[in-house]
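Please keep the sequence and the structure in view while reading.

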Amino acid sequence: MNLKQLSLKQFRNYKSVELSFDQQVNVFIGENAQGKTNIIEAIYVLALAKSHRTSKDKELIGWGEEFARIHGKMERRSGQVDLELILSTKGKKGKVNGLEQKKLSEYIGAANVVMFAPEDLNLVKGSPQVRRRFLDMEMGQISRVYLHHLGLYQKVLQQRNHLLKSLQIGKGAKEMLDILTDQMIVLAAEVTKRRFGFIKQLQKWAEQIHHDISRGKEELEIRYLPSSNVSDEMDLSKIKEEFYRTYEKQKTREIQRGVTLFGTHRDDLGFFINGRDVQTFGSQGQQRTTALALKLAEIELIYSEIGDYPILLLDDVLSELDDYRQSHLLQTIQDRVQTFVTTTNISGIDQRTLDQAKIWNVSEGTIAH
């Protein structure tokens with residue numbers, strides 16, 4: 001998969017810009033706050049219809065403007081795909097080959113990207129929310145069914161939490177709580193089962209990659225850590241039964257607290273090296289190797305699912321990796337994965353990579369090469 005052209009209109013600090021990409025590697029160099037990351041972000045938003053930096057779409061629209069437009073021409077094995085995303089104060093509209101998609105879940109997946117930024121190094125030691133977001137963003141790219149179930153789950157969860165707050169102060173109907181709980185259990189079971197499957201696939205790739213990066217000294221294991229007593233061995237009906245037991249048992253406590261205490265929105269991931277929890281006992285180097293292995297595993301997993309390598313976005317992350325990890329990353333993707341890199345200087349980038357790269361200089365919202 002390759003991004004051949006990118007045009008931005010009123011996106012962040014870019015009034016209007018058009019770029020063409022031929023090479024496998026494109027490096028954007030410039031001082032901080034000049035607009036390098038905005039280019040990477042635009043590619044990410046074009047693919048996933050949301051930013052990795054903010055949950056507020058209005059921040060993506062140029063100051064004082066009504067809308068922002070991102071347009072890209074992708075080349076996939078199946079042929080060329082024309083993508084357009086328009087962000088406005090009224091919402092988002094996505095077009096694939098000129099046809100507006102009724103739902104954004106139908107738009108997502110037309111292009112696939114993997115982002116690796118400094119904050120991703122916190123994937124291991126950060127909050128469970130960071131890891132759940134990682135799961136949802138990556139799974140959503142390769143499974144529209146997952147995205148559909150997740151979206152419905154989040155809506156029901158919001159309704160259920162609102163009702164629990166009402167019940168907490170003696171308002172609302174308990175019968176309605178049972179109805180929402182039943183709806184949520186069906187959706188939670190679907191999301192949970194698919195997450196178990198995804199982790200099993202991710203483990204297959206990440207285990208070998210981590211073994212190679214650690215020169216055979218370490219074995220990585222990824223575990224899905226649900227907030228209720230469900231397991232990978234259970235089928236959908238067994239998972240639903242366990243959820244019913246959990247919610248029935250905790251109903252009084254949830255009403256007292258005014259919030260849903262169990263479900264996929266409370267689940268987590270655990271990472272273990274040679275049986276030890278990396279988050280608690282791992283060194284900074286081990287935590288970074290784990291994060292790198294996960295990102296490289298993502299690339300392979302997406303390729304195995306769709307038959308096309310995703311686009312890799314490296315946002316100021318190479319300087320955060322030591323020479324050995326950086327070399328492993330660059331060797332792994334060489335000649336296979338179109339890569340976009342942002343950096344303040346090129347001194348920290350492998351020379352062989354630079355020899356193949358197209359270099360772009362970014363200054364005050366203008367781009368030249």
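A search of the whole structure finds one cavity of 30 Å³ or more, where a cavity is a set of points, on a 1 Å grid over the protein atoms alone, at which a 1.4 Å probe fits but cannot get out. This is a predicted model, in which local features need pLDDT of at least 70 and side-chain atom pairs count only at pLDDT 80 or more, while totals for chains, interfaces and linings use all residues. Residues are numbered from 1 along each chain as its sequence is written, and side-chain values use heavy atoms, with hydrogens and water left out.

**The largest cavity**
- The largest cavity has a volume of about 90 Å³, a volume being the space filled by probe spheres set on grid points that are joined across faces, edges and corners.
- Its lining (residues with an atom within 4 Å of a point) includes Gln24, Val25, Asp335 and Thr339.
- Helix H9 (323-333) and helix H10 (351-356) each supply at least two lining residues, and the largest share, three residues, comes from H10.

**The largest pocket**
- About 1,400 Å³ of space lies in the largest pocket, a pocket being an open set with protein on both sides within 12 Å along at least five of seven lines.
- Of the 46 residues that line this pocket, Lys50, Arg133, Asp136, Met137 and Gln154 are the closest to its centre.
- The elements giving two or more residues to the pocket lining are helices H1 (36-48), H2 (104-107), H3 (128-142) and H4 (144-168), helices being DSSP runs (H or I, at least four residues) numbered from the N terminus.
- H4 gives the largest share of the pocket lining, eleven residues.
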